[in-house]
Each structure stands twice: as C-alpha cells, then as structure tokens.
Amino acid sequence: MIELKHISKIFPTADGEFQALTDVSLTIPTGDIFGIVGMSGAGKSTLVRCINLLERPTSGQVLIDGLLDESGKAVDLCALPPAQLRKARRGISMIFQQFNLLMQRTCLDNICFPMEIAGVSKAKARARARELLDTVGLPDKADAYPSQLSGGQKQRIAIARALASDPKILLCDEATSALDPTTTRSILRLIQDINRRLGITVVVITHEMAVVEEICTHVAILEHGHMVETGTVEAVFSNPKTEAGRRLVYPEGVQIDQLPPAGVVRIAFNGGSSYEPLIASLAIDCGVKVNILGADTRNVNGQAFGTMLLGLPEDKSEAAKAMSYLKAQKDVTVEEVHDYHG
Amino acid sequence: MDKFFTQMSEAFSNPALWEEFRTGIWDTLYSTVVATAAACVLGLILGVLLVAGERDGVRPLPAPVMKVLNFVINILRSVPFLILMLMVLPLSKLLVGTKIGTIASIPPLVIAAAPFVARLVEASLREVDKGVIEAAQAMGCSPFQIIWKVILPESLPSLVAGFTTAFITILSYGAMAGAIGGGGLGKIAINYGYNKYNYAVMLIAVVLIVILVQIFQSLGTWISIRSDHRLTGKSGRSRRKKEISSRIDREKKTPGVM
Ligand SMILES: Nc1ncnc2c1ncn2[C@@H]1O[C@H](COP(=O)(O)OP(=O)(O)OP(=O)(O)O)[C@@H](O)[C@H]1O
Ligand SMILES: [Mg+2]
C-alpha cells in the first residue's frame, strides 16, 4: 500500500512560487494497477515523483507499505536520512517515457545496473539479468546496445532493469507515450502480466484514457494540482462526477453528428426551478427543441444547481429565439461556448 | 632563397642534426604526455566538482566553494601562458629541481592546462542526459555512484575528445615553452630559426610539430568514436567523426591564453 497524505508541492520559479500540487491525499492498494490521469501540466509527474522522492513534497507524508520503524510504525519516506532513502528506493522502481537507459552499456549491463548498486555479485547479477531478458521477451538482445533497439524494445529493457531490484512498486511515468498503438498494447500487456505474476503494485501515469481502461483497476484524476476524483475505473469512467473527469473521459464529448453546428450554450442554474421544466417549457413556449449535451446539475429540494450544456438548433432564428428565452429566465445565466470540446 | 635551399640540403645530410630532431621529438612527446596526463587528472577532478557541486547537481557543494572554484579557474585561464610559465618556474625548481629543459616545462604546462581541461570536462559532463541521472537516483544510487557509474562512463566519448584537445593544445604550448628554456621541437625551431637564422631547420621542426598534432588528433577522434556506443552504422560514425574533428579544431588553443 502506498499512502500519500496531504501532499503539496511548491516550485520556486523566476516569477514567484508555483503550486504544482495542493493537498493531495491518495491510497494505492497493494497489488493494484492504479492510474493517475489529468491534462498536461496537471501535476501527474510531480505527484508520482513524490512517491520515490525524486521530487520532495513541500509538505505532506509518503507512507510505503512495509517501511516501518523499530516500533512497527509506518515511517514517512520524507523523514528518512539519505542512506536509508536510497535503500528504500530500491524497492520502488520507475520507468520513463524516454526510457533513460545507459547508452554506453549493453542491455545486459543495463539490467545488471541496479544489482551492481545493491552489491549483488557479478555472476549472480548476470544470471538474473538473463532471466529478466527472457521475462521481457528479448533474450537475444543481451549484448546489443540501446541505440540498436526500437522504442518498444528499449522500454522492455527498461522494465527488465526496473524488475532487477525485486521492487514492490513500479512507477510508470507516461511509459507508453512515445510508442505506437500496437507497441503500447504489448507493453501494457507486459506490465499487467508482471503485476499479476509478481504482485507488484503499479502506478501508471498517463494522459491516454485508453491506457487506464486497458489495465487499471483504480484511477485518480488530477486537475491543476488538485485531486478531484478517485475510485474504480468502472465507476469513474461510467459516471465521472466532475467537469475535469468528463473532459478527460469524453474528450470528444458527444458524437460529431450530434454536434449542433449552430452553437453551444452553457447555462448555469443558480437555485431556480428544476431544469427539466425549463427545457420542456422552451419547447412548448417557443417551439424550439434543444439538445442536452451534458449536464452537471443537482436538484436540491426542487431547486436546480449546476450547469448544463445545450446544443442550439441549426436554424438561426430558432436559435436566437431560444437564446432570448433562456436569457429571460431568472436564476439562470447563459453563455455561448465557442470552443466546445465536450 | 638560395640560402634556404643550401640550408635545407645541409640539414638533410647532417646526421648530428637528425639526432637532435630525434631527441626533440622524444622530448616533446614525453613532456606532452606527462603534462596532459597530469592536467587531465586534475581537470577531471575539477570538472566533476563543477558539475556535481552546483546547486542542482548530484552532490551540491556550498555556494562559496563553487564561487572560489570558478574564480580560480577563470583567473588561471586568463593569464598569458608565457607569463604563467615565468611565474611557475620557481615551483618547477622546487618540484623537479631545475628551471630549464623539458622537464621544467611540465609543471607550468599542467597548471595552465588543468583549468582549461576542467572547462572541457565540465561541458562534456553536462551533455549527459538528465533523465538518465534521474533514473539512477530513482534506483537508489549514491552521488558517488552516479558520478562514477553513470556520468563518467556515459560521457566517455566526449571526454576522450576533450582530452585530445588538451593533448594537442599542450603540445603546441610546450613548443612555445622552448622560447624560455623548455626543450623539444619548439626549442629547435626557436634556436635555429630565431637565433641562427636557419629557416630550413625551423621549417622542418614546425612540420614535425604539425604532423604530431595531426597524428594525435586523428588518434583521439578514432578512440572517441570507437568508444561511443550511441553510434550505429557507418554513416552515423562518419557524421560523428566530422563533428568531433570540428569540435577539436574549435576548442584547441594556439599559444596565447588557454
Ligand atoms: N522543477 C519545476 N519548476 C517549476 N515548475 C515546475 C517544475 N516541475 C514541474 N513544474 C510545473 O508543475 C506543473 C505540473 O507539472 P507536471 O510535470 O507534474 O505535469 P504533468 O501532469 O506530468 O504534465 P504532462 O502530461 O505534460 O507530463 C506544470 O505546470 C509545470 O510547469
Ligand atoms: Mg508528465
């Protein structure tokens, strides 16, 4: 189990401080494949790098399963002295988008590297490295240099290297983002296989929802450094509860053929009457039909709060009629959406 | 002109002179190799400190230490070599017991070249991919392991190119040291060309220096390329060869300030 407690990260920058993470708390169960998704710049990499302390959180705690002090209490990774932190890191492997292999070492020697660091004897390390080459399906690449491999093969070697230290946790930061779809799938299969056979907890950072759907069991959504939603993949993907979640899960929004060419408006309910009657009365009073493209509204005691996206009809005069009708409603604000993505 | 040709034919038929050239070549090589080796060791240590010790390096050092380090390197690099040599000769006397000859020129060469090598090393080490260093950190490497097992091996081809630059620079500075008591081919060139107006002998000495430079530049380029496993195929290697040659040509110094 990985427990992140109230993690905040502030980067000092040339023009003041930048808060990349704000009070993120997250529990990742042992043996899980956990996805962390979010738009570019949401703070995914920063968050995952806080797990092995490549990035030191400004505040908050990182608790790793099995990492206990003498009295059997979980210790905060951030509180460990450097030598112990280095030892703890051997149990947390990481793979990267850019593979980050040692270019001047053969594949076999790359895989031996973590064992070399841990003081494993050379003969033992090489034997283990050959096993791992088999595991990742590249037994014939022992003496090849990384420059002689394809992207997918490089990532396989990186995975073998990550497994060499017998980690309990595998962190994947956009591990498939530099690969084509077929290769991506095969790498995901490999990661899933490793998770199942070795019981390694996997944390997958990605901006591709397909990756999450394919292998993850749980998912957390980050937006602007806040964790806005978390749960099982089924729950979050079938019914994203937040705007950020919807934007990620349905990036295209509704199907293109449903997209009204005339335009989209967002209406916000500020506690007036419920929203169904509004749409119904729009049809009755003006004879105009609109499409509900999406809604995030709650009825609280018969009053509506939240926002709704409406597709206006193609006909310009009908659209104008609908607009003026909506604008006339009290407790409702209307704005046109020009860059509608869903 | 006639005089030049008679000098030339005399030079070729004078065995004593050839003997002098032979020891000249030997002295030049010997002092250059020793001075380069020492300067590279010192420069490597300084270069590692410069890169590892900076604020976001793998083993940050206190800011004042880095300031002093940079300051000393910059100062040493801006003293003209001949003046530095005159200043350091007393040290030569202390270290090797003499102020003249090939061996006496080694300490000033080392002191002049080490800061120069340090900057070359610094540039080479900075070429190492940050991501690879990060991966090593994530695996639990200590700062020393990162320097020794990641940064230095990964930058080896570039370091070799830098050492080659250092070698040919030191060779040409060593020749200049001939003017103030150094030995080797430089001394022969100055002795004959400047003191005896024997331009033929001077020309031969200069040609020999140029040939030595070319041989070592080619050798260094070859080793650098051979040791670089990022290169695949013939075209990659020949492209890299051009890059390294032009880099060495750009970075090597002709006598003046290193
Ligand atoms: N060292 C740093 N100094 C200053 N700002 C940083 C630093 N690292 C990250 N940031 C900022 O923090 C924010 C989050 O960055 P992060 O790399 O975690 O995003 P991400 O979600 O991984 O995005 P991407 O999908 O593009 O990789 C960004 O706005 C980024 O500019
Ligand atoms: Mg990222």
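**Close-ups of a predicted two-chain model**

**View 1. Strands β1 and β2 of chain A, side by side.** Strand β1 (residues 2-13) of chain A runs antiparallel to β2(A), and nine bridges join the two. Strands here are DSSP runs of E with at least two residues, helices are runs of H or I with at least four, and both are numbered from the N terminus. Two strands count as paired if DSSP finds at least two bridges between them. Look for A:Glu3, whose bridge partner in β2(A) is A:Thr27. A quick word on the model: it is predicted, so local features need pLDDT of at least 70 and side-chain atom pairs count only at pLDDT 80 or more, while totals for chains, interfaces and linings use all residues. Residues are numbered from 1 along each chain as its sequence is written, chains are lettered from A and ligands numbered from 1 in the order in which they are written, and side-chain values use heavy atoms, with hydrogens and water left out.

View 2. A:Arg126 and A:Asp109 form a salt bridge, their closest N and O atoms 3.2 Å apart. The term means a side-chain nitrogen of Lys or Arg within 4 Å of a carboxyl oxygen of Asp or Glu. A:Arg126 sits in helix α4 (residues 122-135) of chain A and A:Asp109 in helix α3 (residues 107-117) of chain A, so the pair ties together parts 17 residues apart in sequence. A:Arg126 is partly exposed at 30% relative accessible area, and A:Asp109 is partly exposed at 25%. (Buried is under 20%, exposed is over 50%, partly exposed is in between, using a 1.4 Å probe and protein chains only.)

**View 3. One turn along helix α4.** Here A:Glu131 forms a salt bridge with A:Arg128, with 3.4 Å between the closest N and O atoms. The two are three residues apart in helix α4 of chain A, which puts about one helical turn between them. A:Glu131 is partly exposed at 47% relative accessibility, as is A:Arg128 at 23%.

**View 4. Helix α6 meets helix α7.** The side chains of A:Arg185 and A:Glu214 make a salt bridge (3.9 Å, N to O). A:Arg185 is in helix α6 (residues 181-198) of chain A and A:Glu214 in helix α7 (residues 209-215) of chain A, so this pair links parts 29 residues apart in sequence. A:Arg185 comes out partly exposed at 43%, and A:Glu214 partly exposed at 28%.

**View 5. A salt-bridge network in chain A.** A:Glu223, A:Glu243, A:Arg246 and A:Arg247 are joined in a network of salt bridges. Over all chains, the structure holds 23 salt bridges.

**View 6. Where chain B meets chain A.** The contact (heavy atoms within 4.5 Å) takes 24 residues from chain B and 23 residues from chain A. Together the chains bury about 2,000 Å², 58% of it on carbon and sulfur atoms; buried area is the accessible area (1.4 Å probe) that two parts lose on being put together, summed over both. Two salt bridges are counted between chain B and chain A. B:Glu134 and A:Arg49 meet in a salt bridge at 2.9 Å, N to O.
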